[in-house]
Amino acid sequence: MKVKKQKRHRRAVRFFTACFGFREPFKVLCDGTFVYHLLANHITPADTALANTLGATVKIFTTRCVLAELKSLGELYSESFNAACNLITARCDHEKRRSAVACITEVIGENNSEHFFVATQDAELRKKMQEIPGVPVIYALRNSLFLERPSGLQHQFAKAAEEERSHMTKLEYKMLKKKKKVAIEEAADASDANESDVDHMLDTQVVKANIKRDRTNVKDQVRFKRNKAKGPNPLSCKKKKTDGKKKTDGNKNASSEKESKIVDITTRNGSRKRKRSRKSKNVTEATV
């Protein structure tokens with residue numbers, strides 16, 4: 001597959017996936033002409049060939065009307081009939097056999113709700129599918145498969161759908177109005193609650209002020225002692241350092257005081273001894 005062809009197919013697949021919601025694995029609805037062309041040009045296996053063109057996994061479908069039409073064509077189409085019997089049969093709900101074109105158009109419907117890729121070699125069916133929005137068409141040329149580009153009608157439909165998505169529907173508009181009303185009511189309730197809280201705070205402050213003024217009420221209430229800041233622990237404090245000169249002066253004063261006390265004691269003892277000696281002399285003289 002050439003690079004340009006591959007890019008073109010990728011763009012078409014991206015368009016249908018983005019605008020019409022196609023998802024993997026892609027479903028391909030085949031008619032008898034397409035099955036016959038695949039077998040005649042040896043484009044087998046069909047699922048791998050279609051997967052290469054679409055760039056994703058594929059499931060191949062057909063209808064009971066298509067099988068009945070192939071069976072009625074005779075021995076020339078017996079091989080294609082046997083191959084089509086191995087495909088998944090899509091539900092068509094036709095009691096009487098219809099042509100493949102009519103059956104496929106009814107299965108696709110107006111919007112292609114099942115998201116089918118239509119694979120056919122019939123020119124009329126290809127034109128009809130291009131007029132329906134959201135229907136990609138696959139066809140074959142010799143031994144290669146092609147995916148048709150989206151038609152102008154399909155592009156216009158995609159643009160109109162995008163514009164509709166951008167605008168709100170009536171239901172969405174009503175829902176948005178209801179949400180706005182609920183939000184406004186909630187905001188009003190919240191504001192009322194805040195005002196009541198403020199009033200309650202003011203009332204409590206007034207009551208506290210009145211209690212402080214009335215000392216009689218204060219006596220009845222329990223008083224709690226507050227822990228006041230105390231002084232530092234004396235054991236944890238360091239001792240004050242003193243200079244060397246002050247220590248020496250203190251030692252000198254202490255030694256001088258001790259010496260003066262000793263001198264006083266000696267003088268007192270000496271005076272007592274003198275008085276005793278005088279008394280003894282007087283006693284001896286009197287006796288003589």
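This is a predicted model: local features need pLDDT of at least 70, side-chain atom pairs count only at pLDDT 80 or more; totals for chains, interfaces and linings use all residues.

Student: Where is aspartate 31?

Tutor: Aspartate 31 lies in the loop between β1 (26–30) and α2 (32–40).

Student: How do you know that aspartate 31 has no salt bridge?

Tutor: The nearest side chain of opposite charge is arginine 126, 9.6 Å away. A salt bridge needs a side-chain nitrogen of Lys or Arg within 4 Å of a carboxyl oxygen. Therefore aspartate 31, though buried, has none.

Student: What makes the pairing of aspartate 31 and threonine 120 a polar contact?

Tutor: Their side chains are joined at 2.5 Å. The cut-off is 3.5 Å, so the pair qualifies on distance. The aspartate 31 side chain also reaches the backbone nitrogen of phenylalanine 34, at 3.2 Å.

Student: Which residues does aspartate 31 touch beyond four places in sequence?

Tutor: Among them are Val66, Ile104, Ala119 and Leu125.

Student: Which members of the largest nonpolar core touch the most other members?

Tutor: The core has 27 residues, and Val28, Phe34, Leu50, Leu54, Phe117, Ile138 and Leu145 touch the most others. Several elements each supply at least two residues, including α3 (46–54), β2 (58–63) and β4 (116–119). The largest share, 6 residues, comes from α1.

Student: What does leucine 54 contact, its neighbours within four places in sequence aside?

Tutor: Leucine 54 contacts Val13, Phe26, Val28, Phe117, Ile138 and Leu147.

Student: Which residues does the second core include?

Tutor: Phe61, Val66, Ile104 and Val107 are included in this separate core of 23 residues.

Methods. Residues are numbered from 1 along each chain as its sequence is written. Side-chain values use heavy atoms; hydrogens and water are left out. Helices (H or I, at least four residues) and strands (E, at least two) are DSSP runs, numbered from the N terminus. Buried means under 20% relative accessible area, exposed over 50%, partly exposed in between (1.4 Å probe, protein chains only). Lys and Arg count as positive and Asp and Glu as negative; His and the chain ends are not counted. A polar contact is a pair of N or O atoms within 3.5 Å; within protein, one must be able to donate a hydrogen and the other to accept it, and residues adjacent in sequence count only if both atoms are side-chain atoms. Contact means heavy atoms within 4.5 Å. A nonpolar core is a set of buried Ala, Val, Leu, Ile, Met, Phe, Trp, Tyr and Cys residues joined through side-chain atoms within 4.5 Å.
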